Amino acid sequence: MLEAALARRYAEREALLEQARRFARRVRGRLGEARVWVYGSVARGDFNLGSDVDLLVVSPHLPPDPLERQYLLTALAWGRLEARGLLPAEFAQLWAKGALGFLEEGLEI
């Protein structure tokens, strides 16, 4: 019984990660160069039925305006996908400050 529950949980996580991979392909198809991470509960494996799939997109081709950037990423996402975007310079600045430590347990896809 435990093995079956673990297998279902693994399959659920893999399905969410596949959605994230499809999103990453859509982003790269639209923007070209882009790095995409899954982070949060899905990356850690401790998600629940209400969890979204947290994604971070870093690309030099994202709009410079944060609202336009969010609009673009929201338009490319669906379902439980929740994407945020940074330009490479913003990413580097936040990384240097230690503000992106959550990516250490994330998955680059």
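**Two packed helices**

Modeller: Helix α1 (residues 2-31) packs against α3 at an angle of about 130°, and their axes lie 10 Å apart. Axes here are lines fitted to C-alpha atoms, for helices over the stretch in contact, and angles run from 0 to 180 degrees between N-to-C directions. α1 and α3 are therefore oblique to each other; angles under 35 degrees count as roughly parallel, over 145 as roughly antiparallel, 65 to 115 as roughly perpendicular and the rest as oblique. On the α1 side, the contact (heavy atoms within 4.5 Å) is made by Phe23, Arg26, Val27, Arg30 and Leu31. Leu72, Leu73, Ala75 and Leu76 are the residues that α3 brings to it. Sorted by kind, the residues of this contact are 7 nonpolar, no polar and 2 charged. Ala, Val, Leu, Ile, Met, Phe, Trp, Tyr, Cys and Pro count as nonpolar, Asp, Glu, Lys and Arg as charged, and the others, Gly among them, as polar.

A word on the basis of these values. This is a predicted model, in which local features need pLDDT of at least 70 and side-chain atom pairs count only at pLDDT 80 or more, while totals for chains, interfaces and linings use all residues. Residues are numbered from 1 along each chain as its sequence is written, and side-chain values use heavy atoms, with hydrogens and water left out.

Now the surroundings. The protein has 4 helices and 4 strands; these are DSSP runs numbered from the N terminus, helices being H or I of at least four residues and strands E of at least two. From the N terminus the order of elements is α-β-α-β-α-β-α-β. The 4 strands form an open sheet with mixed pairing, in the order β3-β2-β1-β4, where two strands pair if DSSP finds at least two bridges between them. β3 (81-86) and β4 (107-108) are at the edges with a single partner strand each, so one side of each has no neighbour in the sheet. Strands β1 (residues 35-39) and β2 (residues 53-58) pair in the antiparallel sense over 5 bridges, and Val36 stands opposite Val57 in β2. Helix α3 (residues 66-76) packs on the sheet, where α3 touches β2 and β3, and its direction makes about 145° with that of β3. Helix α4 (residues 88-96) also packs on the sheet, touching β1, β2 and β3, with its direction at about 90° to that of β3.
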